[in-house]
Amino acid sequence: GWSQAAKISYTLASHHPGPLYVHHNPVGEGSRYNPTIDCSGVPRVHSMSKAKAIENKEIVQAIVIADSYNDNFQPFTSTKPLALLPVANVPLIEYTLETLNRNGVEEVIVFCSSHIDQVKRHIADRQAARCTWSTGMRVSIISSEACRSIGEAIRDLDARNTIRGSVLLLGVESVTNADLAALLEEHKRLAKVDRGAVMTVVYKEGLRRMRTGNEVLVAHDPTTRRLLYHQRLAQHERERSFELPLDLFLANRDVAVCHGLLDPQIAICSQAALPLFADNFDFLTRDDFVRGVLINEEILNSRIYVAKLAREEYAMRVNNWQSYHLVSLDVINRWVYPLVPDTAISEFRQQYKHYRNNVYRHRNVRLSRSCELDGDLVVGEECEIREGTYLRQSVVGRGCRIGRNCRIVNSFLLEGATVGDGTVLSHCVLERAVTVGSRCTIEPGTVLGEGVEIPDGLTVGGLLLQASEPAADEWGTTPVEKIADRAYTIPVLDEEDSDSDEEEGGSGQPALNQPHAIAPLPERYPASVYEPSDEECDSGPASPVPEDANIFLSEVVESLKRGLAEKSNAEYLILEINSSRYAYNMALCEVNYYVVKAILQIMLQQDGVATNTVGTLRRLLAYFGVVFRNYIRDRDAMMDCLKALEEMCPASETVRAKLPQLVHYLYEADLIGEQVIIEWYDGLVDAGLKSALSKLVQWLQESSEEEEDDDDDDDEEEED
C-alpha cells in the first residue's frame, strides 16, 4: 500500500534495492547477450511478456561528441581533431572508447564536425589492428561539417532516428573510469517510476582552490535527487556570494546545495531527450538544455536528475590546456586506473614499463646514464634524452629528441618534437614536429603549434604560436606578431574581455571561438581529490591512496625550500617540521628519513647538481646543517639517513652515480659513523650499489684496523 511518492523515494534512495538476478537471453546468432535485471529479488526465467522480450533486445548505445565547438585548444585543433589530442601519449578517443567497451556498450556513435577524415582514418586503422574495443563494440561515425554546437549535433542525430532507447551521452574529452553501466541501469529504473525523467547528469566532487571551467553550483532534492537549480561557475573564481531564487526553497521541503562540483559532461538520456533538442533550437549546449528544462519543467513535463560519482571513481573533462595538464598528471599518478600507461590502453600488448615514482618508459628508448628522470613521467617510443638533462612531471612523445643539460618540468612534448642543448621548458606544450633551439627558455603558458621552429637563445613567454602566418581575417583586427620565420602569435582572450562577455551573456561561460592562454600549475602537483574508499583499499585498490607520509614529505620540502629562499633562522624550520610531524602522527624514524629525503630532493633541483653533486649538498648543509643534526643524532637516525639515500637511487641517476662520494662526505663531516655505514652496506640487496660502495667500505675497514693497531701499540708502550 505504498504511495507513488514513497515508491519514488525508495527507488532513488536505494542504489541496488534488494538482490539482483541476471538472466541472459541470446539475441540472434552471433550477437551479444543482454542481461535482464529484476530488482524484485526473483529471477525472471518463465512467462516473460512480449514487451519484456523486446526490452531485452535493446542494445546499449552511446553518443560521443568528438568536437568541443570552441578554440580552447588552438593551435592544435587548427590541424588536428580534438579526438586525437594525446594524453600520456594516447589519443583522447581511445580513453573514451575503452571506457565504453569496459562498461558493456555495444554500439557507439561518434559525431564529428571538423577534421572528419582524420577521425575516420584513425577509427578504421584501430579496427583493422584489432584493438581491444573493436572486438566487442561497433563504432560508427556520423559527420556534419555544418554543425557548430552540441545542440545541432543532437538534432542531426534525432533526424536520423539512430537512437532506440536510453543512451549514454558524453564528449570525447570526458576522461573517466566510472561505472557507467550502473548509472545507465539506475536511470532506466528511474524512468520506469518517473516517465518524465529525460536526463541524469553526472557530477564529481571538485578540486579545492582551483578552477578549470568545469565547475557548477547545483541544488537538488536530497531524497529523489531531482535537479532544481543549475549554475556554471566562472573560471577565475571571483564570486563573493551566490544568489538562489527564493521560490526554490519555498516550493521544496528539502534542498541540498552543492558548490564547486565538477561537470565531466557525462549524462544518461532517455529517448525523449533528443526530441526536446529538436523542438528547441535555442538549445546549443547541454547547459542550455538543463536550463530550459528547469524553467519549463511543468510545460515540457520533463525532469532532470543528479548522479554523484563515488570517491574512488574518476571523471574530468579536458576542456582547455589547464585541464589537459591536470588530467595528464592524474593519468600518470594512476587516479584513472585501469586507464594508465602500463596497462596498454586499447592494446593487447603492454608498451610501457612502470618504474618507481611513476616513471613510465617505453621499451625502446635511448637514455643517457647521466640524465635524471625525477618522477611522474611518460617517455614514449624511440625517444632520445642526452646527458645531464632533468625531467619531472612531463610527457615525452614518440620520436622526441632532447639535447644535453636541458631542464623540463610540467611540460608535454608531442610526437617528433626536438629540443636543443641547455634549453629550459616549464609548464608548456610542444606539438608535433616542433623544433626548439639551444639555450632557449620556454616560459609557463606557452603552446607551440605543429611545425613551429624557435631559433637558438630565444625566450618565449606565455604565447600561443603557430608555424604559418594566419589569414588576414582569421583573427579579425587583432594584431599578429612574428616571433621567428616559423613562429606567429595567436591572439588570446584577455581577462577583461572575458569578464565583459560573461556579464553580457549572463551564462558565466567564456565567449565561443576564442582561445585562452593556459595558467601554470604549481610545480609540485598537489594530491588529487580522487581517493579510493576504505572498501576498495581492503579489496585491492584500483588507484593508490595518498598516504599521510607523502603529504608530510611535501610539507617538509616546502618548509625547507621557503626557509632557503628567505634565509630565515634554520631553527624555526625544526618547529615547522615538528608541527607537521604531530599533525600527521609520524614516528621519529619516519621524520628522520623524510627530512633527509627532502634535503636530497631540494639538492636535485639545484643548478649544476649533476656535475657537482657533493659541492651542492655541502652548500645546502651549510644552511640545513642545524636541521640535519637535530634529527640525525644516534645510530638509528644515521641508518634512517642512509636508507633515504638508498631509496633515492632508483629514481635519480645522479644520486646513484654519486652515492659513494655522498656517503664519504657525510662521514668526513662527522654526520654518519663508519660502523653504521658498514652495517648498512652489509644489509644492501642491490648488487650494483654494493659494488660501487665496496672501495669506500674497504677503506673504512682498513682505517679502523689501523686505528686499533695504533691503540694496541700505545697500550704496550704504557705497560713498558
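1. Lining of the largest cavity. The residues that line the largest cavity are Ile 65, Asp 67, Ile 150, Leu 169, Leu 170, Gly 171, Glu 173, Gln 265, Ile 266, Ala 267, Arg 286 and Arg 317. The model is predicted: local features need pLDDT of at least 70 and side-chain atom pairs count only at pLDDT 80 or more, while totals for chains, interfaces and linings use all residues. Residues are numbered from 1 along each chain as its sequence is written, and side-chain values use heavy atoms, with hydrogens and water left out.

2. What counts as a cavity. On a 1 Å grid over the protein atoms alone, a cavity is a set of points where a 1.4 Å probe fits but cannot get out, and a lining residue has an atom within 4 Å of a point. Seven cavities of 30 Å³ or more are present in the structure. The largest cavity holds about 100 Å³ of space; a volume is the space filled by probe spheres set on the points, with grid points joined across faces, edges and corners.

3. Elements and residue classes in the lining. Strand 8 (167-171) and strand 14 (266-269) are the elements that give two or more residues to the lining of the largest cavity. Strand 8 gives the most, with three residues. Helices (H or I, at least four residues) and strands (E, at least two) are DSSP runs, numbered from the N terminus. By class, the lining has six nonpolar, two polar and four charged residues. Here Ala, Val, Leu, Ile, Met, Phe, Trp, Tyr, Cys and Pro count as nonpolar, Asp, Glu, Lys and Arg as charged, and the others, Gly among them, as polar.

4. Cis peptide bonds. Gln 74 and Pro 75 are joined by a cis peptide bond with omega of about 5°. Pro 75 sits in the loop between strand 3 (61-65) and strand 4 (86-87). Another cis peptide bond joins Tyr 337 and Pro 338, with omega of about 10°. The loop that holds Pro 338 runs between helix 11 (321-332) and strand 17 (352-355).

5. Positive phi at His 115. His 115 is not a glycine, yet its phi is positive, at about 50°. The residue lies in the loop between strand 6 (107-112) and helix 4 (116-128). With a relative accessible area of 25%, His 115 is partly exposed (buried is under 20%, exposed over 50%, partly exposed in between; 1.4 Å probe, protein chains only).

6. Positive phi at Asp 670. Asp 670, also a residue other than glycine, has a positive phi near 60°. Its place is the loop between helix 20 (659-668) and helix 21 (674-682). Asp 670 counts as exposed, at 67% relative accessibility.

Technical notes: On a 1 Å grid over the protein atoms alone, a cavity is a set of points where a 1.4 Å probe fits but cannot get out, and a pocket is an open set with protein on both sides within 12 Å along at least five of seven lines; lining residues have an atom within 4 Å of a point.
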